[in-house]
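Here is a short report on one model.

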Amino acid sequence: GNNDYGQLGDGTLNYSAIPVRVQTDLRFEKIAVFGSSNCGIAIGGGAYCWGANGFADLAAGFDDGASPFPWPVIAPLADET
């Protein structure tokens, strides 16, 4: 499929007509596909996202660009007020 934001997670921005492996040593037990960004829950725990990140879609601590590799999701800080 389309991979203009790295949403295939294969480390490239290249289109692929066949499924590709996400380039990581992690193994995922669940994957959620959103179109231009995707997320997965790793076996043993931990959430990771890859692809478009124009509005901090990846929840990875930065809010621009994109990532063709999985980034760990950073939980938001609790409101201290």
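## Basis

Strands here are DSSP runs of E with at least two residues, numbered from the N terminus. The model is predicted.

## The sheet

Strands of a sheet pair through backbone hydrogen bonds, either parallel or antiparallel.

Strand 1 meets strand 2 (residues 37-42) over 5 bridges, in the antiparallel sense. Ile 31 has Gly 40 in strand 2 as its bridge partner.

## Aromatic rings

A pair of aromatic rings is described by the distance of the centres and the angle of the planes. The count for this model is 2 aromatic pairs. One joins Phe 28 and Tyr 48, with 6.3 Å centre to centre and 70° between the planes. This pair is edge-to-face, because its angle is over 60 degrees. It links distant parts of the chain: Phe 28 sits in strand 1 (residues 28-33) and Tyr 48 in strand 3 (residues 47-52), 20 residues apart. Tyr 48 has 18% relative accessibility, so it counts as buried; the cut-off is under 20%.

Phe 28 also pairs with Trp 50. That pair is tilted, at 5.4 Å centre to centre and 40° between the planes. Phe 28 lies in strand 1 and Trp 50 in strand 3, so the pair ties together parts that are 22 residues apart in sequence. Trp 50 counts as buried because its relative accessibility is 2%. Through these ring pairs, Phe 28, Tyr 48 and Trp 50 are linked into a cluster.

## The largest pocket

Rolling a probe the size of a water molecule over the atoms shows where empty space is left. The largest pocket holds about 280 Å³ of space. It is lined by 17 residues. Closest to its centre are Val 20, Arg 21, Val 22, Ile 31 and Trp 50.

Which strand gives the most to the lining of the largest pocket? Strand 1 does, with 3 residues. What classes make up the lining? There are 11 nonpolar, 4 polar and 2 charged residues.

## Where the topics meet

Terms used. Residues numbered from 1 in each chain as written. Predicted model: local features only at pLDDT ≥ 70, side-chain atom pairs only at ≥ 80, totals over all residues. Heavy atoms only, no water. Phe/Tyr/Trp six-rings, centres within 6.5 Å; stacked < 30°, edge-to-face > 60°. Helix = DSSP H or I, 4+ residues; strand = E, 2+ residues; numbered from the N terminus. Buried < 20%, exposed > 50% of the residue type's maximum accessible area, 1.4 Å probe, protein only. 1 Å grid on protein atoms, 1.4 Å probe; cavity = no way out; pocket = protein on both sides within 12 Å on 5 of 7 lines; lining within 4 Å. Points joined across faces, edges and corners; volume = space filled by probe spheres on them. Nonpolar A, V, L, I, M, F, W, Y, C, P; charged D, E, K, R; others polar. Pairing = 2+ DSSP bridges.
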